[in-house]
Amino acid sequence: MTAHKLSMSRRQALLNALGGGLSLTMGSKLLFASENGFAWTADGELLSKPIPSSGERIPLVGIGTARRYDVASSKEELAPLREVLSNLPKLGGKLVDTAPSYGKAEDVLGDLISELKIRDKIFLATKVGAGGKGRDAALKEIEASKKRLKTDKFDLLQVHNLGGVKEMLPLLRDMKKAGEIRYYGVTTTFERQYPELEELLKKEPMDFLQIDYAIDNRGVEKSILPLAQDKGIAVLTALPFGRGRVFEAFKDKPIPEWAAELEIKSWPQFALKYIISHPAVVCAIPGTAKLDYLKDNLGAAHGKLPDEATRRKMAALVDAA
């Protein structure tokens, strides 16, 4: 799918969204206990889940930066990204995920976060992809990321696509013990790496796993997500819209009436609610480079989460599209 088609599909999904506000009005925090685990909200706050290794809570929707933040430094290109990052903490969001392999994304993020003075309000996650070239290459890449992101400490550092993972995990553990990073983990969006990933999850302790997962890309539900949950590993979901396939499938179709019970206002929220309601998932990270998209995405982290029966109903709807 071309970038133009993806943009048009998302725009149409938003135009089809139902009207009305997204926030809840509550006098105190409400704890939801369901098949999906626990999440809480208060006045205007986003639903969140705890990181199993620490108990720290993370809002269920964050932002990804692949491709969308790989821009030049012109005023016109930076303006919508600045608007997104400025409003993310104001709207209750926190997690921002990037990588040194995302072109200029780390540079852009570092400049904007510093300019906006919001580093203390952001859960900043990046990756190390040079591990396959050895420890020294990895350390060099990590230091370069610190400079680009203008920070001396990452909230989360991940081994990108399992590159040199056997050597990298001990390094990241040492960094965590030394206080250089708060959490560590691994990522992959390649199905061919799933067998290796499963073995790692069984044998190696870690805080986070980032993997591709969407309502029309549910293969990881069979073993990887249950394994992560069993091992107490928080899951971040990359590509939660299935590289735009979800929007292409729904197109102009109306949102089903029963989705209103979950306070779903748009198809993006429909897709995200499915993802974040899985008990293993702590945060979905859709690529977000426009304020309208940010508001819509974060809307999925309000209201009720679907139970298992409703999740099956949601998946069946997508499969039939």
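This is a predicted model: local features need pLDDT of at least 70, side-chain atom pairs count only at pLDDT 80 or more; totals for chains, interfaces and linings use all residues.
User: What percentage of the residues count as buried?
Analyst: Buried means under 20% relative accessible area, with exposed over 50% and partly exposed in between (1.4 Å probe, protein chains only). Of the 321 residues in the protein, the buried share is 52%.

User: How many helices and strands does the protein have?
Analyst: Helices (H or I, at least four residues) and strands (E, at least two) are DSSP runs, numbered from the N terminus. The count for the protein is 11 helices and 12 strands.

User: Are α2 and α10 roughly parallel or oblique?
Analyst: Axes are lines fitted to C-alpha atoms, for helices over the stretch in contact, and angles run from 0 to 180 degrees between N-to-C directions. Helix α2 (residues 75-90) packs against helix α10 (residues 291-298) at about 30°, with axes 9 Å apart. Angles under 35 degrees count as roughly parallel, over 145 as roughly antiparallel, 65 to 115 as roughly perpendicular and the rest as oblique. Therefore α2 and α10 are roughly parallel.

User: Which residues make the contact between α2 and α10?
Analyst: Contact means heavy atoms within 4.5 Å. On the α2 side are E83, V84, N87 and L88, and on the α10 side are L291, L294 and L298.

User: How is α9 placed relative to α11?
Analyst: The axes of helix α9 (residues 267-276) and helix α11 (residues 308-320) come within 10 Å and cross at roughly 130°. That angle makes α9 oblique to α11.

User: How do the residues of the contact of α9 with α11 divide by class?
Analyst: From α9 come W267, F270, K273 and Y274, and from α11 come R311, M314, A315, L317 and V318. Ala, Val, Leu, Ile, Met, Phe, Trp, Tyr, Cys and Pro count as nonpolar, Asp, Glu, Lys and Arg as charged, and the others, Gly among them, as polar. The contact residues divide into 7 nonpolar, no polar and 2 charged.

Technical notes
Residues are numbered from 1 along each chain as its sequence is written. Side-chain values use heavy atoms; hydrogens and water are left out.
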